[in-house]
Amino acid sequence: MSETADATGAFDALVAVDRPLYVVTTRSADGLSGCLVGFATQTSIDPPRFFVGISRANHTHGVAANANHLAVHLIAREHAELARLFGGETGDSVDKFAACQWVEGPHDLPVLTDAGVWFVGRVIDRIDVGDHTGYLLAPVAGEVRHQDPELSAWVSLAIGDSIEPGHSA
């Protein structure tokens with residue numbers, strides 16, 4: 001086996017581990033948008049920072065490119081329909097916000113009513129990371145509505161694999 005094949009196999013195994021998926025929403029002069037995000041992680045404790053990758057093919061990419069803030073939502077499995085809506089439909093042709101409950105939150109961002117946990121982050125950097133743009137966020141507001149330490153309580157990669165994407169990555 002070649003070194004490249006070893007690296008590819010190891011990488012594929014590592015990223016296949018079940019992990020949370022997030023719904024990211026935003027608003028700019030281009031309107032409202034939101035998508036399901038699998039590339040996201042905490043990057044710093046002090047100061048707190050969070051990284052979100054948004055596919056360049058996604059409708060949300062264009063709206064987020066002109067936004068100063070993003071809202072990141074953790075969705076309980078009991079509301080998996082939100083993941084299916086934001087991951088399986090595209091804002092190019094569907095008004096996702098007409099199909100779910102949300103309120104206007106900090107910085108006029110749409111905050112999903114059924115999110116278990118959400119925070120709004122100020123965009124402090126945009127990074128080209130290949131077929132995605134990475135957004136480094138500094139949390140500015142948020143709410144814990146439902147907290148469960150078990151990954152099985154949240155929408156995760158295991159559920160995401162069953163969603164036919166609204167756009168290819």
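# Briefing: fold, cores and aromatic cluster

Of the 169 residues in the protein, 40% are buried, where buried means under 20% relative accessible area, exposed over 50% and partly exposed in between, with a 1.4 Å probe and protein chains only. This is a predicted model, in which local features need pLDDT of at least 70 and side-chain atom pairs count only at pLDDT 80 or more, while totals for chains, interfaces and linings use all residues. Residues are numbered from 1 along each chain as its sequence is written, and side-chain values use heavy atoms, with hydrogens and water left out.

**Overall architecture**

- The protein contains 4 helices and 9 strands; helices (H or I, at least four residues) and strands (E, at least two) are DSSP runs, numbered from the N terminus.
- Read from the N terminus, the order of elements is α-β-β-β-β-α-β-α-β-β-β-β-α.
- Among contacts in the protein with a separation of 6 or more, 69% are between residues 24 or more positions apart; a contact means heavy atoms within 4.5 Å.
- The accessible surface amounts to about 8,700 Å², and carbon and sulfur atoms account for 52% of it; accessible areas come from the Shrake-Rupley method with a 1.4 Å probe, and for residues only the protein chains shown count as cover.

**Nonpolar cores**

- The largest nonpolar core has 18 residues, and those with the most contacts inside it are Val24, Val52, Ile54, Leu70, Val72, Tyr135 and Leu137; such a core is a set of buried Ala, Val, Leu, Ile, Met, Phe, Trp, Tyr and Cys residues joined through side-chain atoms within 4.5 Å.
- At least two residues of this core come from each of strand 1 (22–28), strand 2 (31–37), strand 4 (49–55), strand 5 (69–75), strand 8 (115–128) and strand 9 (132–144).
- A second, separate core comprises 13 residues, including Ala83, Cys100, Ala115 and Val155.
- In soluble globular proteins, nonpolar side chains tend to be buried together.
- Not counting residues up to four places away in sequence, Tyr135 touches a set of residues that includes Phe50, Val52, Ile54, Leu70 and Val123, as well as His61, Asp125 and Arg126.

**Strand 4 and its partners**

- Strand 4 pairs with strand 3 (residues 40–44) in the antiparallel sense over 4 bridges; two strands pair if DSSP finds at least two bridges between them.
- These two strands form a hairpin with 4 residues between them, and Ser44 stands opposite Arg49 of strand 4.
- Strand 4 also runs antiparallel to strand 9, to which it is joined by 6 bridges; Phe50 has Leu137 as its bridge partner in strand 9.

**Aromatic cluster**

- The structure holds 4 aromatic pairs; rings of Phe, Tyr and Trp (its six-membered ring) pair if their centres lie within 6.5 Å, and planes under 30 degrees apart count as stacked, over 60 as edge-to-face and the rest as tilted.
- The ring centres of Tyr22 and Phe50 are 5.5 Å apart and their planes stand at 80°, so this pair is edge-to-face.
- The pair links Tyr22 in strand 1 with Phe50 in strand 4, 28 residues apart.
- Tyr22 is buried at a relative accessible area of 15%, and Phe50 is buried at 11%.
- Phe50 also forms an edge-to-face pair with Phe119, at 5.4 Å centre to centre and 80° between the planes.
- Because Phe50 lies in strand 4 and Phe119 in strand 8, this pair ties together parts 69 residues apart in sequence.
- Tyr22, Phe50 and Phe119 form one aromatic cluster.

**Thr60**

- Thr60 lies in helix 2 (residues 59–64) and is buried, with a relative accessible area of 0%.
- Beyond its neighbours within four places in sequence, Thr60 is in contact with Thr26, Ser33, Gly34, Cys35 and Ile54.
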